[in-house]
Amino acid sequence: MNERRPKKNAAALLPILVFLILYLGMGLFFEYHLNIKMAFYNIPIVVVFMVALLVACLQNRGIKFDDKLSIMAHGVGDKNIMTMILIFLVAGVFVGVTGRSSAEAVAYFLLSVTPAWASAAVLFLASCFVSTAMGTSVGTITLITPIAAAVSNVSGFSLPLCVGSVMGGAMFGDNLSFISDTTIAACNTQGCEMRDKFRANFKIALPAAIATLVVILVRSVQTGVGHIDIPDYNLLLLIPYVLVLIGGIAGLNVFAVLIVGIVAGAAIVLPTGTVGFQDLLKNMGSGASGMFETIMVTILVSSMCALIREYGGFEALLAFIRRVFKGRVGGRLGVGLLVGAMDIATANNTVAIVMAGPIAKEISEEYHISPKESASLLDTFSCVFQGVIPYGAQMLVAITTCAEAGLTISAFQIIPCLYYPCLLAVACVVYILAAAGKKR
């Protein structure tokens, strides 16, 4: 593969523009002009990405189509992409094994030990804890969203509030966890220790999390939920989730944690007669297949962005950021918006950090930003953008998981309830303004 840095070419960003126009444009038009309910959910996002990828393939006639296929294969074959795809599959199997009964058992247990009016806040805190322990926002959303759906069903809280609370908590841990791919990528590209990056990150993430908790509690009180009737539930079904939590706290690999959960779930649901062996196999297959759309989006986005990068689209983006942002504040904003732009383009915060990392390091050296601070800004801003884009893996997994629970919800119903990413963005700006005047 050619290792030279391509010349900047803004026209190479056309596939991203095509996707945004088709997906967001059609969704907004159908939902708000034609009043078609759940329009965004019904738009085939895989088809839209295929069109955008076709546009990318038609660009740059100087590169043979076979060479373009090699470029796309190189992008899809990235270690981070493969890891994420496998996490999708294993997490899907876990959800299939544990099923709705296990999720509802967890929800009912939480509700039984928590005041009814604080249920949404508990979902946020639980997601913060799980994602920090496991180091994966996607895995956390896969595990906790069925619980959020069950809480919404029995409590009267809106489903967007419950799902938005889970997604916010998942991004909190993704940003801070020592075993998160984003943390590893940010520290490696900037050359800093994980513990130093964690300390810098914590100053930004903790105030945002506290503010988010306050907002959720205020909204919860306003809902007027005072009592929840909790049906009977089987505490044994909690064991797979507890084992997953313990494994995450112990720092086990996310795959090992989920496999332990799968084995434990099968060992419980079969002897108790919750499901038969054939139904268990069917549920495992259904859980994995439920992730297929998300996996296809990941593959298509990786392929498209590999071509855009080869054509010089990302170089044009970086040149623009360098030209616009000046000074100590501008340098820090440049690092943040750089990875944010990459995340919008790739829909993957780990890949965005890997792509933006080398240029961010150059910017940091030019503007005297310490490695731990640049790593923190890369990881935090990537989580801000990844937490709200409607076509990101986190959003797609949340929507898919709700659909598997028999509930229909769209990204644009969830976005107004994504308090943590928005407050994290505010915390980032405040931190930058406060830190820019300090000498390192």
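F381 is buried, with a relative accessible area of 6%. This residue belongs to helix α18, which covers residues 371-386. The model is predicted.

**F381 and its surroundings**
- F381 counts as buried because its 6% relative accessible area is under the 20% cut-off.
- Beyond its neighbours within four places in sequence, F381 is in contact with G336, L337, V339, C428 and I432.
- F381 and L424 are 43 residues apart along the chain, and their C-alpha atoms are separated by 8.4 Å.

**Helix α17**
- Helix α17 runs over residues 349-366 and has 18 residues.
- From first C-alpha to last, α17 reaches 24 Å, close to the 26 Å expected at 1.5 Å a residue.
- Where does α17 kink? The kink is at G357, shortly before the proline P358, and amounts to about 50°.
- G357 is also one of the buried residues of α17.
- Other buried residues of this helix include N349, T350, V351, A352, I353, M355 and A356.
- Further along α17, I359, A360, I363 and S364 are buried too.
- H368 follows α17 and has a positive phi, near 55°.

**How α17 meets α18**
- Two packed helices are described by the angle between their axes and the distance between the axes.
- For α17 and α18, the axes come within 10 Å and cross at roughly 140°.
- The crossing of α17 past α18 is right-handed.
- On the α17 side, the contact is made by N349, I353, A356, G357, A360 and S364.
- On the α18 side, S374, L378, D379, S382, C383 and Q386 take part.

**T182, a buried residue in α9**
- T182 is found in helix α9, residues 181-190.
- Is T182 buried or exposed? T182 is buried, with a relative accessible area of 1%.
- Leaving out neighbours within four places in sequence, T182 is in contact with D174, N349, T350, I353 and D379.
- Among these partners, N349 and I353 of α17 and D379 of α18 also belong to the contact between those two helices.
- T182 and V130 are 52 residues apart in sequence, and their C-alpha atoms are 16 Å apart in space.

- Helix α15 spans residues 313-324 and has 12 residues.
- Its end C-alpha atoms are 17 Å apart, close to the 16 Å expected at 1.5 Å a residue.
- The buried residues of α15 are G313, F314, E315, A316, L317, L318, A319 and I321.
- What covers them includes α14 (292-311), α16 and α17.
- Helix α16 covers residues 327-346, which makes 20 residues.
- At 1.5 Å a residue α16 should span 28 Å, and its end C-alpha atoms are 28 Å apart, so the two values agree.
- Just after α16 comes A347, with a positive phi of about 60°.

**The largest nonpolar core**
- How many residues does the largest nonpolar core have? It has 137 residues.
- Those with the most contacts inside this core are I45, F49, L338 and Y420.
- Helix α5, residues 79-112, gives the most to this core, with 13 residues.
- Not counting residues up to four places away in sequence, Y420 touches F124, G168, M171, F172, A205, A208, A209 and T212.

**N60, a loop residue with a positive phi**
- Most residues other than glycine have a negative phi.
- N60 is not a glycine, yet it has a positive phi of about 55°.
- N60 lies in the loop between α3 (45-58) and α4 (65-76).
- At 33% relative accessibility, N60 counts as partly exposed, because that value falls between the 20% and 50% cut-offs.

**E404 in α19**
- E404 lies in helix α19, residues 393-404.
- E404 is partly exposed, with a relative accessible area of 35%.
- E404 and L307 are 97 residues apart along the chain, and their C-alpha atoms are separated by 34 Å.

How values were computed:
Residues numbered from 1 in each chain as written. Predicted model: local features only at pLDDT ≥ 70, side-chain atom pairs only at ≥ 80, totals over all residues. Heavy atoms only, no water. Helix = DSSP H or I, 4+ residues; strand = E, 2+ residues; numbered from the N terminus. Buried < 20%, exposed > 50% of the residue type's maximum accessible area, 1.4 Å probe, protein only. Contact = heavy atoms within 4.5 Å. Expected span 1.5 Å × (residues − 1). Bend = angle between axes of the 7 residues up to and from the residue. Core = buried A, V, L, I, M, F, W, Y, C linked by side-chain atoms within 4.5 Å. Axes fitted to C-alpha atoms, helices over the stretch in contact; angles between N-to-C directions. Left-handed = near helix turned anticlockwise from the far one by under 90°.
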